[in-house]
Amino acid sequence: MSQSVNSIRGINDILPPESAAWQWLEAAARGVLQSYGYAEIRLPIMERTELFARSIGEVTDIVEKEMYTFDDRNGDSLSLRPEATASCVRAGITHGLFHNQQQRLWYAGPMFRYERPQKGRYRQFHQMGAEAFGFAGPDIDAELIFVSARIWKQLGLKGLELELNSLGSSESRGRYRELLVTFFNDRYQDLDEDSRRRLLQNPLRILDSKNPEMANLVAEAPVITEHLDDESAEHFAALRAMLDASGVEYKLNPRLVRGLDYYNRTVFEWVTDRLGAQSAVCSGGRYDGLVEQLGGRPTPAIGWALGIERLVELIRGDSLVPAPAGPHAYIVPLGEAAEKRAPALAESLRDQLPELRLHMHCGGGGMRSRMKRADRSGALCALIIGDDELASSTVVLKPLRGQRDQEIVALEELQSRLAGLCNDGGASKLKTY
RNA sequence: GUGGGCGUAGCUCAGCUGGUAGAGCCCCGGAUUGUGGAUCCGGUCGUCGUGGGUUCGAAUCCCAUCGUCCACCCCA
């Protein structure tokens, strides 16, 4: 016997019934995005490594040690995408989408990061994201937050909290960074090991420290929102006013800094306390400098990405996913003659009733086991066809839910009987797409 | 990359200090030659994650490795 091949750590199969939760989530999010005028952009799963290094930041963990990087056969260094914003910007530059134009785009798909898997964190994970280009004002910031909030509403998901911050312009952020480095350098002996490392790599992240012993020190540190440039402060105030006016609740968190280098001004994160250590289910922010940094014309931009696995876990935990609709009917042929004729009958019913969800019994077995399968399929009724029915051009229609008796239905009446089931029997909550 | 828990039937798990495996669920068949859901009866399923080692003998002890879960780190 040959050895079975292992799956790869942190890279998972999505099986039914979980796949139904994915479909439901994706359909809901897609519907909301499209209703706000966002159009789908389909992006490649890999890019030149350089793209990620230049956008995410050379010294971030993502670029330094988490990317799946390999040489193409011609020697180019390629990487599986660890996130999609960089690809989206690159695609926009490649195709001239940003020349005096505004774009509202969304995407969905797998991302790859070589990390140790844990709850809510996988090496292949899936995001849906929205990006808006060419809008400088806070109105689009608010819109993107509204879009995300409406997705939660559509899903029936409650209890997510919105955390909000502003990092200022890249200049004011830079000045603040200096202040912070000075502050922590003066207290170097009080920093824990992680924070000392962050001081060199990304000092703002010290503010995010989970170590309780750092809490007092962090509390004394300069607060970024007190060091914003005037324009960013105005932008931030206007955004907050729009959120206030629309009733979207948020919590200001001056320590929310985000890990990627390209963010400026508005950053936000939807968080939950129900996913263990991974609290963020959707996060994003403004990245006004990135398009130019990657070789395009200066273009203001903002976006967010949501983690599908994390949201699926929440909506499944809350039983928010509607049960997939079962078949309207399950055909049970009995005997050789019926087994030959039933598939053709099934196909003509499907022609006549495109909405019909019809399961054909396959795989033999006795009457008892066929009926058992019919029942377990969740079908509303069984259509039994044996020699007697063939001889009289009828089928036995047996309701499987409820107490009604089975009846004999002439073949020519079958279509209209099943049409009735399609209309009221089992309207699917799942959108077809 | 660091630390800890766990890998026994398709699933959930039992198997005491070493004597080569068991339950429930599922599935299949029957009680009911053409009628599901309840009940009863019977049945299939394991190289005990993998590879080494110790031993007369390993699911059990040791080492390695892979996978999984949780936390750190990082982040969606």
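Trainee: Which helices and strands each supply at least two residues of the surface near RNA strand B?

Mentor: They are α3 (61-66), β6 (124-133), α7 (193-201), β10 (280-286), β11 (301-307), α13 (367-376), α14 (387-392) and β15 (394-399); helices (H or I, at least four residues) and strands (E, at least two) are DSSP runs, numbered from the N terminus. Please keep in mind that this is a predicted model, in which local features need pLDDT of at least 70 and side-chain atom pairs count only at pLDDT 80 or more, while totals for chains, interfaces and linings use all residues. Residues are numbered from 1 along each chain as its sequence is written, chains are lettered from A and ligands numbered from 1 in the order in which they are written, and side-chain values use heavy atoms, with hydrogens and water left out.

Trainee: What makes a residue count as near the strand, and how many residues surround RNA strand B?

Mentor: A residue is near a molecule or strand if one of its heavy atoms lies within 4 Å of it, and 55 residues surround RNA strand B, the closest being R121, R198, R258, R376 and L400. Of the atoms of RNA strand B that come within 4 Å of the protein, sugar and phosphate account for 56%. The element that gives the most to this surface is α13, with eight residues.

Trainee: How do you know that Q406 has a polar contact with a base oxygen of RNA strand B?

Mentor: A polar contact is a pair of N or O atoms within 3.5 Å (within protein, one must be able to donate a hydrogen and the other to accept it, and residues adjacent in sequence count only if both atoms are side-chain atoms). A polar side-chain atom of Q406 lies 2.7 Å from a base oxygen of RNA strand B, so the pair meets that limit.

Trainee: Why is R265 called buried, and why is S319 called exposed?

Mentor: Buried means under 20% relative accessible area, exposed over 50%, and partly exposed in between (1.4 Å probe, protein chains only). R265 has a relative accessible area of 13%, so R265 is buried, whereas S319 is at 61% and therefore counts as exposed. R265 lies in strand β9 (residues 264-271), and S319 is found in the loop between α11 (308-317) and β12 (329-333).
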